[in-house]
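User: Could you take me through this structure? I have not looked at it before.

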Amino acid sequence: MDVLRELNTWFLKHEAEAKNDYFAFLRFASVSADPAYADDVRRCASWVQHFLQKKQGKAELIETKGYPLVFMETPTSKPNAKTVLIYGHYDVQPVDPIDLWTSPPFEPTERAGKIFARGALDDKGQIFYAMLALHALQDLGRPLPVNLKFVIEGEEESQSLGLVHALPTLGKKLSADGLMIVDFGALPDRSPAVTLGARGCVGFEIALQGSKGDLHSGVQGGVAYNPNRALAELLASLWDQNGHVAVPGFYDGVVRSTEAERDHYTYLQTLDSLHKEHGIAAIGGEKGKSLKENNWFLPTIEINGISGGYSGAGVKTVIPSIARAKLTCRLVPNQDPTHVIAKIKAFLQERVVQGMKLAFEEHQGSRAFRCPPGSFLEKAAARAASSATGKTCSAILAGGSIPIAASLMDFTKGVA
């Protein structure tokens, strides 16, 4: 508790400086998915490097096939101390649609005690408070109880491709007894929680072509099979009437969770809370399964976007030449992204309307990860969160994904 009081005092004393630094971090338009922002992403990496080593030590910029990694190691003087690797990212997602923003996305704005900017939560907010905590402990002269390593990348929002390719040469550098990923959410009631796993992800795009060019819905209507219709039928075939994915082999390797396993994790979303917070009135997933099962323990296929033909104002009597769709799958432990994509591709190819051409493009996939409960890092994080908030810290899972997490686990002996 003495450490908490000292940290609180330090933060109050340095609040204005910390906010200025945080706002400077948020002003970088570090959108990794759009090459137009490449210079901004690299400038952001340099800023993180200099901020991380602001008090003590030396942080490195490690070049990759993509954007640079920021790495720093801060050893403890304690003998036989464990080593903890902290992972985060400095890149952010695109800001479109821009007209839905109340204030400019890269000009942080404070409203009602909250900071609004792209990345204010995911993940600049989280990794900033981790770096700031290190500065506070260094200023206070508090020795670290563990050897601490930071690896902060710039492509988490675009599948971590640079870090993926760099991992074989970074194994020793990133080796640790535990991995702490500073990139997760909290429970809906804002009570503290430690996330012990997340689903994997793999995406793909399909395009159906039915003619050389767009056709007239009157002149060729009733003759040409509409690619929009064919695409809708093809996509609908991915699920059976109970919401179970109908692709043979999709569930290969999946071990169904037990009630005891599910009970270990706290899940607070309800039908009412989903409706109040997000306006959700229609529930998907597998029928007969709980929200917790569908959100955390079962894999999914989701349609992320569909396009084809005319969607502007008024009417245009067209049968489109091509219809397209983008989809992603959320995967659970023991599912192989490559295997899943191969099964889906074969399934769709068998069901394409005769005479149409199917183009299939897959994207880089990532595995799910799950940590065994009770690790030293989970216990330490739970104690710290409970001490800081005065509330019980729960164990949770994430329905989303951290693309690099499963690969980083290969270099650690425990994960939280």
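User: Which side chain meets that of Arg370 in a salt bridge?
Analyst: The partner of Arg370 is Glu261, with 3.3 Å from N to O. A salt bridge here is a side-chain nitrogen of Lys or Arg within 4 Å of a carboxyl oxygen of Asp or Glu. Please note that this is a predicted model, in which local features need pLDDT of at least 70 and side-chain atom pairs count only at pLDDT 80 or more, while totals for chains, interfaces and linings use all residues. Residues are numbered from 1 along each chain as its sequence is written, and side-chain values use heavy atoms, with hydrogens and water left out.

User: Where do Arg370 and Glu261 lie?
Analyst: Arg370 belongs to strand β15 (residues 369-370) and Glu261 to helix α7 (residues 259-263), so the pair, 109 residues apart, links distant parts of the chain. Helices (H or I, at least four residues) and strands (E, at least two) are DSSP runs, numbered from the N terminus.

User: What about Arg351 and Glu350?
Analyst: Their side chains also meet in a salt bridge, at 3.2 Å from N to O. Glu350 is exposed, with a relative accessible area of 62%, whereas Arg351 is partly exposed at 39%.

User: Which residues are linked with Asp21 in a network of salt bridges?
Analyst: Glu17 and Lys54 are linked with Asp21 in that network.

User: Changing topic: how do α2 and α4 pack?
Analyst: Helix α2 (residues 15-26) and helix α4 (residues 124-140) pack at an angle of about 140 degrees, and their axes are 11 Å apart. Axes are lines fitted to C-alpha atoms, for helices over the stretch in contact, and angles run from 0 to 180 degrees between N-to-C directions. The two helices are therefore oblique to each other. Angles under 35 degrees count as roughly parallel, over 145 as roughly antiparallel, 65 to 115 as roughly perpendicular and the rest as oblique.

User: Which residues make the contact?
Analyst: From α2 they are Ala18, Asp21, Tyr22, Phe25 and Leu26, and from α4 they are Lys124, Gly125, Ile127, Phe128, Met131 and Leu132. Contact means heavy atoms within 4.5 Å.

User: And how do α1 and α4 cross?
Analyst: Their axes come within 10 Å and cross at roughly 105 degrees. That makes α1 roughly perpendicular to α4. The contact is made by Val3, Glu6, Leu7, Trp10 and Phe11 of α1, with Leu132, Ala133, His135, Ala136, Leu137, Asp139 and Leu140 of α4.

Conventions
Buried < 20%, exposed > 50% of the residue type's maximum accessible area, 1.4 Å probe, protein only.
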